[in-house]
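Please open the model in your viewer, with the sequence beside it, and follow the stops below in order.

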Amino acid sequence: VRDGYSKKKLEGLGFTNVLNTGCPTLWELPDDINERTPAAKARNVVTTLNTYMKDRDADTALLTLLQAKYEQVFAWVQTYADQDYLKSLFPSIKLIAPNLPAYDAVLTGDLDLDYVGNRLHAGIRALQKGRRTIIIEIDNRAREMGRDFNLPTVARDDFDSLQSMIDTARPMRIALPAAEIARWLDQWR
């Protein structure tokens, strides 16, 4: 399973062979993720908004905060619905094409860039590429994985903590369950 909450639920149902390995996307984080990820705020930011859990007020407040804190705000469009939603909230936002190669190109480019957004896996991808990341919790996935593996997450409505996380230099302290991941993978060898 991807988090301790799910593990406890399954164990409560009588399953005894449950491992909390985290999401497989976390397995692709480099071993030196904590050392290689910048601690200090970048000049620019890329964000995402999730349209299946819309909150116009919170999303508008997020975009307004990012505009105040960063020189340029980019948005990666994961779905076409995201594009229309982003444009309705922030018409002048610089959009990144809705495909992974376009997102990767921004993440691996020369821009001094952070990720602050509410798509969990877009945040994990930013971490994979060595970018300072803050994942906005819109459901239990980010909250539970953040708690279990020390991912940099913050509650959607906690703008004071979000602002502090943006402004304060903080090293990453991600801790993956290496033994559990290895044990799970060993069954396929």
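Begin by selecting Leu100, Tyr103, Asp104 and Leu107 in α5, which meet Ala122, Arg125 and Ala126 in α6, where a contact means heavy atoms within 4.5 Å. The residues of this contact divide into five nonpolar, no polar and two charged, with Ala, Val, Leu, Ile, Met, Phe, Trp, Tyr, Cys and Pro counted as nonpolar, Asp, Glu, Lys and Arg as charged, and the others, Gly among them, as polar.

This is a predicted model, in which local features need pLDDT of at least 70 and side-chain atom pairs count only at pLDDT 80 or more, while totals for chains, interfaces and linings use all residues. Residues are numbered from 1 along each chain as its sequence is written, and side-chain values use heavy atoms, with hydrogens and water left out.

Now show helix α5 (residues 100-108) and helix α6 (residues 120-128) whole: their axes come within 10 Å and cross at roughly 45°, the axes being lines fitted to C-alpha atoms over the stretch in contact, with angles from 0 to 180 degrees between N-to-C directions. The two helices are therefore oblique to each other, since angles under 35 degrees count as roughly parallel, over 145 as roughly antiparallel, 65 to 115 as roughly perpendicular and the rest as oblique. Helices here are DSSP runs (H or I, at least four residues), numbered from the N terminus.

Ala58, Ala61, Leu62, Leu65, Leu66 and Lys69 of α3 make the contact with Phe159, Leu162, Gln163, Ile166 and Asp167 of α8.

For the last stop, go to Asp82 in helix α4 (residues 80-89). Is Asp82 buried or exposed? At 0% relative accessibility, Asp82 counts as buried, a term for under 20% relative accessible area, with exposed meaning over 50% and partly exposed in between (1.4 Å probe, protein chains only). A polar atom of the Asp82 side chain lies 3.3 Å from the backbone nitrogen of Gln78. Leaving aside residues up to four places away in sequence, Asp82 touches Leu49, Thr51, Val77 and Arg119.

Technical notes:
Polar contact = N/O pair within 3.5 Å; in protein donor to acceptor, adjacent residues only side chain to side chain.
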